[in-house]
Structures are given as C-alpha cells and as structure tokens.
Amino acid sequence: MTTTTDLPAPLVAPDADRVKYADTVIRSINLPIDGIAVQDPATAETIAHVPDADVDSALIAVSKADAAGSDWARSSLRRRADVLHAWYDKLVAHTEELAHLISREMGKPLAEARGEVKYGTDFVRWYAEEAVRPAGNFRDTADGGASLLTRRSPVGLAVLITPWNFPLAMATRKIAPALAAGCPVVIKPATLTPLTTYFAVQLAIEAGVPQDLIQVITTSRSGAFSEAVLLDPKVRKVSFTGSTPVGRHLLNLAARNVLRSSMELGGNAPLIVFDDADLQRAVEGTFAAKLRNGGQSCIGANRIYVQDGIADDFAAALTERFAEVAVGSGLGQQTGLGALIDDRAVAQMQSYTDNAVDLGANLLTGGHGYESPGNFFAPTVLDNVSENSDVARSEIFGPIAAIQRFRTEDEAVTRANATEFGLAGYVFTENLDRALNVADRLETGIVGINQGVPSNAGAPFGGIKQSGLGREGSAEGLEEYENIRFYNVARRATS
Ligand code: NAD
C-alpha cells in the first residue's frame, strides 16, 4: 500500500494566466464578500463566497418567481423561443469565461470544461427550437359523438436541484425546457460549484429572460430548504439530479403536495467488452466512459466486464492509455485528469483500491493519491476484481477502472443487471445482432453501443429502476414541464 510519504507531486501546475482569467470572471458576478466559501479543488484556495440563504429568503424567491411566472406562462411560443435563442447566443459568446469558471470551481481540465459548455448550451438551443413546436392533437372519439382536443400547459413553478459534477449542463438541461414550457424556476445548485449557475443566469437576464423568472438559491441548509420550499403550495414541480438516497427523500416530500417529480439519480453502469470487439474502439470507448469528468459522471463506466479471450490485451491497452494521462490542475496546460471534488473522494478511491487488492485484484497502474493540498488521485486500472469488492458494488465516482472477466453472453448480462440501478450501460462488439440483443436485455435507460459518450441534447436521458423517474433532453424532456389536458367537444352524431 502507498503511504503519504512516498506520494508523487501532481504533474501539472495551474497556468497563471488561466487562473487570472477565471478570477476576472468570478469578479464579474455579483457576489457577497462572505457566506458559503467556494474552493478550487486543485489548490484548496477559497475563490469566492456565495449567499447562504435561510428558509425565509428561499420562500421569498419562490414568491418572486411565482409572480413573474404568470406573464411568462401567457407569453407566445415565439417569444419564449426568441429569449432562449438570445440566451444561447450569450452563453456561446461567453464559452471561454464559462469554461474557465467550471474548471476553477469543479476541477475538470479546461478542454473538458469547453466540452461541457458545448453540451450544456446545446440544451438551450434545442429547447429554443422545440419551444415553437407544441405537441397536442385533435381526434374524434370512436363513436363519432365528440372530438378530443389535447393541449399542453405549463406545469407551474419548478424547483430545480442540481449536483456539482456538471455545473452548467445540469442547470441548462432543466432550466431550458422549463422556460420553453412556460414555467418559472427556483434553482438550487450544489454549494461546491455554484458560480457557473450564477454566471449563466446573469447571462440569461442580459439576454432578456424576465428579471425574477429564474431565482438562484444557495444554502448550506439544503434539508431545511427542501422541506419548506417543496411544501409551498405555489410550487408544482421538482426536478432533482443527484444521489438516490437524496432523491428518495425528496420524493417523500413531493408526495405531500403530489408534485410532478423528475429524478435523475445514481448509476452503476456496466460496460461489456466481447471477444469480437474492435480492441482499439473498445479501449478508447472505455477510456472516455471511465475517465471523462475524472470518473465523476453518473453514466461513468462502473463495472467493466471483459470476455476471457480479449481480456489480457484489453487490460494491457487500457493500462497504457491510463498511465500516460497527466494529472494536475484543470487550468494546467497538459492536464488530462483534474482534481476530484473533495478530499473525501480521494480517501474513498484509496479505500476502494486497497480493498480490491486485498480481495485479490491486480493493480495495473495508479492506485495512489498525491502530496498536494488539492484532491488528486491517479488514473487507476484494477484487473480481476472480485465481485465482492466494494469497488464492484458501489458507484465509484472517480478515476478507477475496475475490470472483471466473464465467459458467456448470458453470464455478462446477468451480472450487469444484478443491481438496483439502471441508468446507463455499454456494449462493445462488432456483431450487430449481438449488440442489439444485449442492449435489449440490459436494464438501463441508456445504452452506448461501441461508444463511451452516449449523451446528446436530442436524446431522452434518464434511468430505470432506482436510477430515476422522467427524462431530460429531447421532446420527452419538455413534457416533464407540461400538463396534458383534453377538451371533449360534443359533435352532432353522424349516422
Ligand atoms: P447529492 O445527492 O449529495 O447532492 C445533489 C444536490 O442535492 C446538491 O445540490 C445538494 O446540495 C442537494 N441536496 C442534498 N440533500 C438535499 C436535501 N435534503 N434537500 C435538497 N437538496 C439536497 O449528490 P452529489 O454528490 O452532488 O452528486 C453525485 C450523485 O449525483 C451521484 O450519485 C450521481 O450518480 C448523481 N448524478 C446523477 C445524474 C443523472 O443524470 N442521473 C447526473 C449527475 C449526477
């Protein structure tokens, strides 16, 4: 086991110009001088403070959003679309500012942060385009005695609660469909990464979103916040992205006023590589599905099942890819893997690694932290991981690739489905028939076939089993913020 005295220093230091630029962006946000401290996970420096709202101010925010909401609900679809297009243009024009901010507060490499800006802004553009295409239809009853007119209306005030791992995309994936549907919102970002939300909402207001329509609340008392706000009768909807235990708790609260609820919860994604996979494609896909966002993604490859015939070559090639990744500040020039979100995450990665090795896994690369005030852990590959290891049973949320081996297709599918989670799964094979059959049998809402990054603004992202309720992105994501109603119009009977 590695001890703290022989840990290497992180390889890549922050680039001074990039840090300066990020801090200029932070200074352009209207923030208080005290409140909740926000830290850079790569340096442990405090970089800003955000308001620590109490319950009363949260309820005032609900009232303000509600008051702004009635005009918005009556606004034309074209107006909503125009405002969303203007917000999209602003966000795109501020790509560099947003990317530096994301990297500074969350730790991911700048190149990945730019990727998040692209992904996050895609939702705003997609819903700007979708806003003017309301669903609804007109049909006759079977007996001809009436016509049925189905209509959509905004569900009402939506409370949006987002996690720290994609500070922009998790916010826009909720705000954009809510606005397109005609709903006001109160958004509570994670206190670890609130700056991107404040900045993005500031741009929304500059783009023409009515002043009070989007309310941002940051608070260190998230339990008290949800207990007060979700019971306020003005609130009609809750959309949450985060862990399954918190999601269960919020569903309980939502039950009291029977709120429409969308839950994007935890994952434990299986990734299956068959003997007939293209080795390079499988390695690159696994690399992306595992190391993107430092492994801190709900669809990150968690349990990597590799068929016996290809397993040695796959493990060697993946290890080579992981070993060449430069670890360091997200604002460093060559960084491939940034800091994890906090020191608990680093301790958790060490514990997963040590436990897996104790239970017989081979540590092929990494497996250690670094002597640094930041939260770094090396890209790690473990082979022959026991099914009883903690790393094989938990959502890892860090840069550890845990390989298990299998013999038959049935065995792989059975083991992949042996979890209460069902968000994403991955299949690598050159046999189309097998790819589709295995995808059909996987109990997940999302399947990446021969690729490791399946998300897209036009896709209905979401899980089954205990990974969640509802979908985000695409037309289905808009429906989450709409009521479906019908009018029954009596007709003269035709003989
Ligand atoms: P978390 O559940 O601890 O926190 C998520 C958010 O909920 C934060 O803003 C937090 O402040 C808030 N929160 C916590 N308790 C609350 C309460 N009682 N009332 C109101 N708000 C509360 O999760 P996290 O650690 O920030 O994120 C990691 C988890 O999120 C992982 O399990 C991951 O899989 C999941 N996640 C899921 C998706 C998805 O789309 N399915 C996307 C990203 C992350």
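Predicted model: local features only at pLDDT ≥ 70, side-chain atom pairs only at ≥ 80, totals over all residues.
Residues are numbered from 1 along each chain as its sequence is written, and side-chain values use heavy atoms, leaving out hydrogens and water.

Let's start with the cavities. On a 1 Å grid over the protein atoms alone, a cavity is a set of points where a 1.4 Å probe fits but cannot get out, and lining residues have an atom within 4 Å of a point. Points are joined across faces, edges and corners, and a volume is the space filled by probe spheres set on them. That gives six cavities of 30 Å³ or more.

The largest cavity holds about 70 Å³. Among its lining residues are Tyr119, Phe166, Arg173, Arg292 and Phe461. The lining has six nonpolar, two polar and two charged residues; here Ala, Val, Leu, Ile, Met, Phe, Trp, Tyr, Cys and Pro count as nonpolar, Asp, Glu, Lys and Arg as charged, and the others, Gly among them, as polar. And where does the largest cavity lie? Between domain 1 (31-265 + 467-484) and domain 2 (269-462), because both give residues to the lining. Those bounds come from an automatic or database domain assignment.

The second largest cavity has about 60 Å³ and 14 lining residues, with Pro270, Thr419, Phe421, Gly422 and Thr444 nearest its centre. Strand 10 and helix 14 each give two or more residues to that lining; helices (H or I, at least four residues) and strands (E, at least two) are DSSP runs, numbered from the N terminus.

Finally, helix 14 (residues 409-417) has Ala412, Val413, Arg415, Ala416 and Asn417 buried, meaning under 20% relative accessible area (1.4 Å probe, protein chains only). Thanks, everyone!

Conventions. Buried < 20%, exposed > 50% of the residue type's maximum accessible area, 1.4 Å probe, protein only. 1 Å grid on protein atoms, 1.4 Å probe; cavity = no way out; pocket = protein on both sides within 12 Å on 5 of 7 lines; lining within 4 Å.
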